[in-house]
Number of protein chains: 2
Amino acid sequence: MADSSNGPATPSPRKRADARRNEQTLLEVAAAAFIACGVDAPVRDIAAKAGVGVGTIYRHFPTRADLVVAVYRHQVEACVEAGPTLLASNDSPHTALTRWIDLFVDFLVTKHGLAEALQSDDATFVTLHAYFIDRLTPVCADLLAAAAGAGEIRADIGAFELMFAVGNLCIGANKDPRYDARRVVALLLAGLRLD
Amino acid sequence: MADSSNGPATPSPRKRADARRNEQTLLEVAAAAFIACGVDAPVRDIAAKAGVGVGTIYRHFPTRADLVVAVYRHQVEACVEAGPTLLASNDSPHTALTRWIDLFVDFLVTKHGLAEALQSDDATFVTLHAYFIDRLTPVCADLLAAAAGAGEIRADIGAFELMFAVGNLCIGANKDPRYDARRVVALLLAGLRLD
DNA sequence: GAACATACGGAACCGTGTTCCGATTAGCAA
DNA sequence: TTGCTAATCGGAACACGGTTCCGTATGTTC
């Protein structure tokens, strides 16, 4: 579903040159706006900064989720690919799991408002949630299975549940210095250990 | 600050009779609306169901947080009082802590949208967050200190951080059957254990 | 029952997301 | 180069929810 539904991902050569240019500009401007205002950056602001009308945004990215996914796709895919790599390069699957979760947490924590958006009940964001789950849950499942197989962790937690929990723990990560998402996530992973 | 700032808490006899009546009606209607639509229930809806104008709501509860706090005050206070009680009635402080957190999780999970609101970056809700933290953090701190003192848990987590984390884990608790906030919170508490 | 303060209602305003259509322009063929 | 056509654009207009404000209504007091 990822690539078949939304054209924006694959800059098909059938598109007009100005359309491709606008799409590119929008991606850059949106990335900047997300850093500045979070993923809820007003549509009009993004349009204005990109020098286009709001209609142009909606034509390229029908929902906000489409835009967010387009902006962060590279980083999510990098995270997907890091899973097997970490598993191969670490003796302990639990270490690999921890490192991978760290990667994910780093990603979420540095993207202002992303973790919040992932849990927003706004219908616009269900696609976003689905994308993250679709891509990352299988990777997490492999890491979990490896760690459980090695007898390092209990086997009674699902990949979905873990991803969901970690995502939640990243919400508001930069709001108060007394809260450190990384530390709490580490605690959760510690709770998973068997020995 | 809790009682000095917002009249709604103390039904001062200086208020007009119709005002007190409206306030009561609003509390009841709001409670029902929160169950039906979550704490984001449209102001106009609540006003309409209560048979008053929107202005009346804003006069009694200037911010949404005021209304939410008024609706849930009793339950929050019950949670506050449960802390010392549990500590007294359980041999193991860790058990008391676990039970108390369970209470808190139950409260959040059954209040549609409350956990989300607690972390909303909407300025309207910072007061709500502050109220919960003000009331519950000290209780949690006592439980943590007792458990740490008994050597049952590590001492390197603050009450604020734990409350924050638990609150976060309750977000979206009823959204997907694969995610069980209670189970994940239990895992987090397990990660705290020393044994 | 008159005068006053208090409280009420809801119209109006504002900021955002979203839709829609007339104007514009890239791409192409003659 | 010029003219045609379809793809694309821009932004006005609409929808919706929160918030403010003030003329009106009503409880309260004397």
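Of the atoms of DNA strand C within 4 Å of the protein, what percentage belongs to sugar or phosphate? In this predicted model, the value is 53%, and the rest belong to bases. Local features require pLDDT of at least 70 and side-chain atom pairs pLDDT 80 or more, whereas totals for chains, interfaces and linings use all residues. Residues are numbered from 1 along each chain as its sequence is written, chains are lettered from A and ligands numbered from 1 in the order in which they are written, and side-chain values use heavy atoms, with hydrogens and water left out.

The surface near DNA strand C (a heavy atom within 4 Å) comprises eight nonpolar, eight polar and ten charged residues. Its largest share, five residues, is supplied by α4(B). A polar side-chain atom of Arg44(A) is placed 2.5 Å from a base nitrogen. Phosphate oxygens lie 3.1 Å from a polar backbone atom of Gly53(B) and 3.3 Å from a side-chain N or O atom of His60(B).

Between the protein chains, the contact (heavy atoms within 4.5 Å) involves 26 residues from chain A and 26 residues from chain B. About 2500 Å² is buried, 65% of it from carbon and sulfur atoms; this is accessible area (1.4 Å probe) lost on being put together, summed over both parts. Phe160(A), Glu161(A) and Leu187(A) supply 24% of the area that chain A buries against chain B, more than any other three residues. Two salt bridges (side-chain nitrogen of Lys or Arg within 4 Å of a carboxyl oxygen of Asp or Glu) cross the interface, including one between Arg183(B) and Glu161(A) at 3.0 Å, N to O.

How values were computed. Buried area = accessible area lost by both parts, 1.4 Å probe. Polar contact = N/O pair within 3.5 Å; in protein donor to acceptor, adjacent residues only side chain to side chain. Helix = DSSP H or I, 4+ residues; strand = E, 2+ residues; numbered from the N terminus. Nonpolar A, V, L, I, M, F, W, Y, C, P; charged D, E, K, R; others polar.
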